[in-house]
Amino acid sequence: MSAASTGSPATAPSKSPAPPSRSEGAPRPDAAGGRRRREFTTRRGLVVAAFMAPAAVFVAIFTYYPMIAGSQMAFRNWNLSDLTDTSWVGLKNFRDVFTDPAWGTVAGNTLLWVAGSIVPQLVIGFAIALWLRRRFRFRGLYQALIFFPWAISGFLIGILFRWLFNSEFGVVNDLLQRTGLIDEPIAWLADPQTAMIAVLIANVWYGVTFFAIMILAALQSVPDELYEAAALDGAGKARTLFQVTIPYIRTTLALTVLLRVIWIFNFPDLIFGMTGGGPNDETHIVTTWMIKITQQGDYGKASALGLLVVAVLLVFAVFFLLATRERQAVGGPGAGRRSAGERGVRA
């Protein structure tokens, strides 16, 4: 029987609705129903490049070009006393650096400067961080006072300690004489041996803050359950420190030490503020000596010394990146260390 004979309206075959039109660059849902990133088109690429171009040009002109130009100076006879002869001399400038009579003293001072600063800063900073982790009245005030030196310029710190160690009106000599430790003022910055001790004391005071900040932040991530388990196992404070706390934050400690080594090795500000490399150039480190050579106009030799500094810093940078990858692999400053800490307590 036909539809016309029954009087019922004829029904047309149903059609699925057409999908809504999608504009170019709109996000497309993925199979799970989520939203994916916008499709990368030529237009979007040009827009991104246009925004990045000014920054790229700025960095290229003021960073990479000086680096390349300074690097090629290390292989040329580049001296302000005679700019008519900038011929290629190969490795002559590097030989001049290593054969200079001051190189031995400078290299030894640099090693002493780094090692003699890092070890006390780490030990004292760790002790301060452990103390600040405890809860007591006015803890916030103590934290502000301890962290304050990090906000001051290194050169200003050098000038401040130059006044403190002054042989005529310095506070250090006055305190030592009042306590009876010395009978007459010490010329701290005029004697090569005491001058190096003075700059090391100043740098330790300046850098302890950084270690205290970093270690305190890491100590906040140590779970209290580990300390409770250590107490139940009868572990004392020393055993808890070396078998729970230090293993848990060892990655943060390694990163902090490596980062601080890089900074101290390349930190001439404080020495320049206190001694300027004196007396008789006996407190120069590599970076302050490089500045002195630059001031003398021997840009070729200074550039060669600068490349040596960059090479040393690259070595420490590689170790720093490796330590960073290890930290990311374990998922944070203490992730993955809990079982090791527990095993250490129970051992």
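Contact is taken here to mean heavy atoms within 4.5 Å. On that basis, 68% of the contacts in the protein chain between residues at least 6 apart in sequence join residues that are at least 24 apart. The model is a predicted one, and its protein chain comprises 15 helices and 0 strands. Of the 347 residues in the protein chain, 33% are buried.

The largest nonpolar core contains 55 residues, and those with the most contacts inside it are Trp113, Val114, Val199, Ile215, Ile249, Leu270 and Met274. Helix H8 gives the most to this core, contributing 14 residues. When residues up to four places away in sequence are not counted, Trp113 touches Met196, Val199, Leu200 and Asn203, together with Ile264, Phe267, Leu270, Ile271 and Ile285.

The packing of H8 against other helices was examined for two pairs. Two packed helices are described by the angle between their axes and the distance between the axes. For H8, which spans residues 192-219, and H11, which spans residues 250-265, the axes come within 10 Å and cross at roughly 155 degrees. Because angles over 145 degrees count as roughly antiparallel, H8 and H11 are roughly antiparallel to each other, and their crossing is right-handed. On the side of H8, the contact is formed by Asn203, Tyr206, Gly207, Phe210, Phe211, Met214, Ile215 and Ala218, and on the side of H11 by Thr252, Leu253, Thr256, Val257, Leu259, Arg260, Trp263 and Ile264. Classified by residue type, this contact between H8 and H11 has 11 nonpolar, 4 polar and 1 charged residues.

The contact is made by Gly154, Ile157 and Phe161 of H6 and by Ala202, Trp205 and Tyr206 of H8. By class, the contact of H6 with H8 has 5 nonpolar residues, 1 polar residue and no charged residues.

Terms used
Residues are numbered from 1 along each chain as its sequence is written. This is a predicted model: local features need pLDDT of at least 70, side-chain atom pairs count only at pLDDT 80 or more; totals for chains, interfaces and linings use all residues. Side-chain values use heavy atoms; hydrogens and water are left out. Axes are lines fitted to C-alpha atoms, for helices over the stretch in contact, and angles run from 0 to 180 degrees between N-to-C directions. Helices (H or I, at least four residues) and strands (E, at least two) are DSSP runs, numbered from the N terminus. Angles under 35 degrees count as roughly parallel, over 145 as roughly antiparallel, 65 to 115 as roughly perpendicular and the rest as oblique. A crossing is left-handed if the near helix is turned anticlockwise from the far one by less than a right angle, and right-handed if clockwise. Ala, Val, Leu, Ile, Met, Phe, Trp, Tyr, Cys and Pro count as nonpolar, Asp, Glu, Lys and Arg as charged, and the others, Gly among them, as polar. A nonpolar core is a set of buried Ala, Val, Leu, Ile, Met, Phe, Trp, Tyr and Cys residues joined through side-chain atoms within 4.5 Å. Buried means under 20% relative accessible area, exposed over 50%, partly exposed in between (1.4 Å probe, protein chains only).
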